[in-house]
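Please have the sequence and the model in view as I talk.

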Amino acid sequence: MTAETSQTLDRGLRVLKLLADTDHGLTVTELSLKLGVNRTVVYRLLATLEQHALIRRDLGGRARVGLGVLRLGRQVHPLVREAAMPALRSLAEDIGATAHLTLVDGADALAVAVVEPTWTDYHVAYRAGFRHPLDRGAAGKAILAARQHPMTDPGFTLTHGELEAGACGAAAPLLGVTGVEGSVGVVMLADVVPERVGDRVVEAAREVAEALR
C-alpha cells in the first residue's frame, strides 16, 4: 500500500477477487482468514458490496459474486450472449424448442440469452430478461442441483407446468465457469420431454461453459 491508495478499496477488490476464484462462495470466517482482518471488517465490506449488487449472500451465509459485477461493464452481457449463441442456436434447431442461457440474479433465475427454432410450426415464446424464482422451473432447479452436488455433475433437470401451463423444460447447469452460476435449457409445449433432450441439453451446457472460460 502507498500513500495514494485506499486500504478499504483494496480490501473490497480483494474480496471480489477471492469470490471470483471460487465456485462455491466463501463465509465471513473464510474471508477473514484469507484477508488477515477481523470479521467486523469483513461484514462491513460485504454489506457495502452487497448494496451495489457486487456480491450476494445465499441462505447459508456464503458470499458469492453478484451480477452487479456484470453491470459494471455494459458490454459484458452482450459478450456472454455472443459466446453462448452458437451452442444455443444449434440446440434450438436440433431439438425444435426454445433454448436459453439463464444466470443467477439474487434469488432469481434470469434469462440472458434466448434462441427460438426457425423450422417449427409453434414453440414457446421466451424472452431475454424473463426471471423466475430459482426453485421453480428447470433452469433454476438445475442451478440448485449444482449447488447441492458441487463435486459431481448433476446431469439434467426436467420440469412440467411449473412456469407455464402445458410447457415442460429441461436444463443442465454450467460447470467449471469461475464466478458464474447458470444453466442452459430448453422449454417446449409437450406432455413429456423426449428422451434424447436431456443429454443434448447437457452437451449444450458444456459447450457454453467452454465458450465462457
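This is a predicted model: local features need pLDDT of at least 70, side-chain atom pairs count only at pLDDT 80 or more; totals for chains, interfaces and linings use all residues.

Ala53 is found in the loop between helix H3 and strand E1, which covers 55–57, where helices (H or I, at least four residues) and strands (E, at least two) are DSSP runs, numbered from the N terminus. Residues are numbered from 1 along each chain as its sequence is written, and side-chain values use heavy atoms, with hydrogens and water left out.

Coming back to Ala53, this residue has a positive phi of about 60 degrees although it is not a glycine. Most residues other than glycine have a negative phi. Ala53 counts as partly exposed because its relative accessibility is 28%, given that buried means under 20% relative accessible area, exposed over 50%, and partly exposed in between, with a 1.4 Å probe and protein chains only.

Helix H2, residues 28–35, packs against helix H3, residues 39–51, at an angle of about 110 degrees, with their axes 9 Å apart; the axes are lines fitted to C-alpha atoms, for helices over the stretch in contact, and angles run from 0 to 180 degrees between N-to-C directions. That makes H2 roughly perpendicular to H3, a label that applies from 65 to 115 degrees. On the H2 side, Val28, Thr29, Leu31, Ser32 and Leu35 meet Arg39, Val42, Tyr43, Leu45 and Leu46 in H3, with contact meaning heavy atoms within 4.5 Å.

How many aromatic pairs does the structure hold? The structure holds one, formed by Tyr126 and Phe130, which lie 5.2 Å centre to centre with 65 degrees between the planes, an edge-to-face arrangement; rings of Phe, Tyr and Trp (its six-membered ring) pair if their centres lie within 6.5 Å, and planes under 30 degrees apart count as stacked, over 60 as edge-to-face and the rest as tilted. Tyr126 is buried, with a relative accessible area of 9%, whereas Phe130 is partly exposed at 34%.

Finally, the chain as a whole. Its secondary structure comes to seven helices and eight strands, and 44% of the 213 residues count as buried. The C-alpha atoms fill a box of roughly 65 × 30 × 25 Å, taken along the principal axes.

How values were computed
Angles under 35 degrees count as roughly parallel, over 145 as roughly antiparallel, 65 to 115 as roughly perpendicular and the rest as oblique.
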